[in-house]
Amino acid sequence: METLNWMGAGSDYREQIVKICSCGIVYSLEDFRDLKYVGNQPFGYDDIESLELRNCTCESTISIALDKDGRYVELNEDGDRI
Ligand SMILES: [Zn+2]
């Protein structure tokens, strides 16, 4: 039973990956929100209201897409909503 619970937690964690920086660091939403806040950039395309910009520890600025309620929106590599 404990093993099953552990596997469940593992798959949840993978679903929460929101960004992989070019330096190779993988961020969950929680990790991303711990980074230094840079700003919000209005987007206004599809259901995406804005981009939240933060600085990775490598000094690159990385962003995630948010809807009008400020919730994370998952995008594919082309920047389109999945
Ligand atoms: Zn980085």
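1. Let's start with Val-38, which sits in strand β3; strands here are DSSP runs of E with at least two residues, helices are runs of H or I with at least four, and both are numbered from the N terminus. Val-38 counts as partly exposed because 13 C-beta neighbours lie inside 10 Å. For that label, the cut-offs on other C-beta atoms within 10 Å are 20 or more for buried, 12 or fewer for exposed, and partly exposed in between, with C-beta atoms placed from the backbone. Leaving out residues up to four places away in sequence, Val-38 touches Leu-53, Arg-54, Asn-55 and Thr-61; a contact requires C-beta atoms, placed from the backbone, within 7 Å. Thr-61 is 23 residues from Val-38 in sequence, and their C-alpha atoms are 7.9 Å apart.

2. A word on the basis of all this. The model is predicted, so to speak of local features takes a pLDDT of at least 70, side-chain atom pairs count only at pLDDT 80 or more, and totals for chains, interfaces and linings use all residues. Residue numbers start from 1 along each chain as its sequence is written.

3. Now the overall layout. The chain has 2 helices and 6 strands, and from the N terminus on they follow the pattern α-β-β-α-β-β-β-β. Of the 82 residues, 7% are buried. Looking at contacts between residues at least 6 apart in sequence, 24% join residues at least 24 apart.

4. The sheet to look at is an open one of 4 strands, in the order β3-β4-β5-β6, with antiparallel pairing. Its edges are β3 and β6 (72-73), each with a single partner strand, so one side of each has no neighbour in the sheet. Strands count as paired if DSSP finds at least two bridges between them.

5. Strand β3 covers residues 36-45 and strand β4 covers residues 48-55, and the two pair in the antiparallel sense over 7 bridges.

6. Which residue in the β3 and β4 hairpin takes a positive phi? Asp-46 does, with a value near 60°, in a hairpin that has 2 residues between the strands. Asp-46 is not a glycine, and most residues other than glycine have a negative phi. Asp-46 lies in the loop between β3 and β4 and counts as partly exposed, because 13 C-beta neighbours are inside 10 Å.

7. The hairpin of β4 and β5 has 5 residues between its strands, and Glu-59 in the turn has a positive phi of about 80°. Like Asp-46 in the previous point, Glu-59 is a residue other than glycine. Is Glu-59 buried or exposed? Glu-59 is exposed, because the count of C-beta neighbours inside 10 Å is 8.

8. Finally, take a look at Gly-70, in the loop between β5 and β6. Gly-70 is exposed, since 10 other C-beta atoms lie within 10 Å. Along the chain, Gly-70 and Glu-52 are 18 residues apart, and their C-alpha atoms are separated by 9.2 Å.

How values were computed: Contact = placed C-beta atoms within 7 Å.
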